[in-house]
Each structure stands twice: as C-alpha cells, then as structure tokens.
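Here is a short report on how one protein chain is packed.

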Amino acid sequence: MENGVLQDIEVTVTFLEMHAPPAVSPPVPYNRQVALLKTRDIPLHFYRYLMDRVGRKWHWVNVLRLNDDELSAGIHREDRDIRVLYLDGAPAGFFDIKPHLPEEVELAYFGMMEHATGQGLGRWFLGSAIAAAWAYGPKRVTVQTCTLDHPAALPLYQKLGFRPVAQKKEVVHPLPFAERSASVMRP
C-alpha cells in the first residue's frame, strides 16, 4: 500500500481442461457433518458474502465490483448452477458452474472458507463440482486458477484430472476495504 492506495498485483493465470469425466470420484468425508446444496435464485447478498468469505484472501474482486443488475443477470440465469457447502450447519464454501457454452462447462468459481480448509474436504468437494459439471454432458470441463489462489489449488485440479492448456499474465486491482464493505453490505 502506497499513500493509502492498494498496489496492483501481477498474476499468472493458468487455464485447465478436462476432456473426460474421472473414472472415480473422491469419497465423502467420514465423521463430518457436511451438506452440499444447490441454490435456486440465490440472494445477491448471500452470493456476495460467499464470494467475499471464500475469495478475500485470494483477491477475488471482479464479482464484488458488479452492480446488482449485472450480478443478477449472471447468477440468476436459468442454466447457472451454484452449490453451497455447509460444514456443521454453517456455510463453508461454494462452487459456481457456467454450463451455457455449447460444448464446454466452466467451473467458474470453486473454493472453501478458511475454517473448512485442511480438514480433508477439498478433494471430495472438488470431485463433487467436477461431477456436477460433467452432468451437463459437455465435451470438456474448464477451470482457471492464478498465482494468487491457494497454493494447493493447481496441484489439486491436476490430481483430479485437469490438464493445463494455456497461461497468461494479468493484473489484479485489489479492492480497498471500504469498497469491499460497500459491496458486501449494500442494502
């Protein structure tokens, strides 16, 4: 931070693809109270809460910069598939699938909140997201990650069958706390 202004962050984005569903899905964690629920007409404030809580540490800011109409147009599409992970009755993560391209389903967002990480849920949760994506019958499933994401993200995507196909440099413009608060806490 220089003179109260957050500095832009250069990142490398890795694009990954999967061309066939995995032969085996990771098992549901045992001795854990977990639920994975598909949303219907998710409230904008709850989606922003999930985006903020899952992505704050990783600078997921693009969605938080959308106004209500822009966000609603994206997440309230009939074909959008958003599922929320609950751990011990509380929100713990989410994934967001965009199945509206003709031969491709994009895993647009996938992540867990900090209190849910390191508990053996990630592999099963990603496996569930992959299975949900393949249920749409695409020719490929895509996802992207960047050097700001959790260090385990890229290796986990690869362990579950994604293969890197391209990389590019981008710049992330961090969200100042006041702007983040205004987005998440809007009326």
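## Packing in a predicted model

Arg180 sits in helix H5, which covers residues 177-184. Helices (H or I, at least four residues) and strands (E, at least two) are DSSP runs, numbered from the N terminus. The model is predicted: local features need pLDDT of at least 70, side-chain atom pairs count only at pLDDT 80 or more, and totals for chains, interfaces and linings use all residues. Residues are numbered from 1 along each chain as its sequence is written, and side-chain values use heavy atoms, leaving out hydrogens and water.

Is Arg180 buried or exposed? Its relative accessible area is 6%, so Arg180 is buried. Buried means under 20% relative accessible area, exposed over 50%, and partly exposed in between (1.4 Å probe, protein chains only). Beyond its neighbours within four places in sequence, Arg180 is in contact with Asp52, Arg56, Val61, Leu64 and Leu175. Contact means heavy atoms within 4.5 Å.

**The cores**

A nonpolar core is a set of buried Ala, Val, Leu, Ile, Met, Phe, Trp, Tyr and Cys residues joined through side-chain atoms within 4.5 Å. The largest one has 28 residues. Phe95, Leu107, Phe110, Leu126, Tyr157 and Phe162 touch the most other members. Several elements each supply at least two residues of this core, including strand E1 (9-18), strand E5 (104-112), helix H3 (122-134) and helix H4 (153-159). H3 gives the most, with eight residues. Another core lies apart from it, with 27 residues, among them Val11, Met51, Trp58 and Val184.

Which residues does Tyr157 touch? Not counting residues up to four places away in sequence, they are Leu16, Phe110, Leu126, Val143, Thr145 and Phe162.

**Two helices**

The expected span of a helix is 1.5 Å times one less than its number of residues. Helix H1 covers residues 44-55 and reaches 16 Å from its first C-alpha to its last, close to the expected 16 Å. H3 should span 18 Å, and its end C-alpha atoms are 18 Å apart, which agrees.

H1 is mostly covered, with nine of its 12 residues buried. Among them are Leu44, Arg48, Met51 and Asp52. Their cover includes helix H2 (68-75), E3, E4, E5 and H5. H3 is mostly covered too: 11 of its 13 residues are buried. Gly122, Trp124, Leu126 and Trp134 are among them.

**Ring pairs**

The structure holds nine aromatic pairs. Rings of Phe, Tyr and Trp (its six-membered ring) pair if their centres lie within 6.5 Å; planes under 30 degrees apart count as stacked, over 60 as edge-to-face and the rest as tilted. Here are two of the pairs.

| Pair | Centre to centre | Angle between planes | Type |
|---|---|---|---|
| Phe46 and Tyr49 | 6.0 Å | 15° | stacked |
| Trp60 and Phe94 | 6.5 Å | 75° | edge-to-face |

Phe46 and Tyr49 both lie in H1, three residues apart, about one turn of the helix. Phe46 is buried, at 19% relative accessible area. Tyr49 is partly exposed, at 30%.

Trp60 and Phe94 link distant parts of the chain, 34 residues apart. Trp60 is in the loop between H1 and H2, while Phe94 is in strand E4. Trp60 is buried, at 13%. Phe94 is buried as well, at 0%.

Ring pairs also link Phe95, Phe110, Trp124, Phe125, Tyr157 and Phe162 into a cluster.
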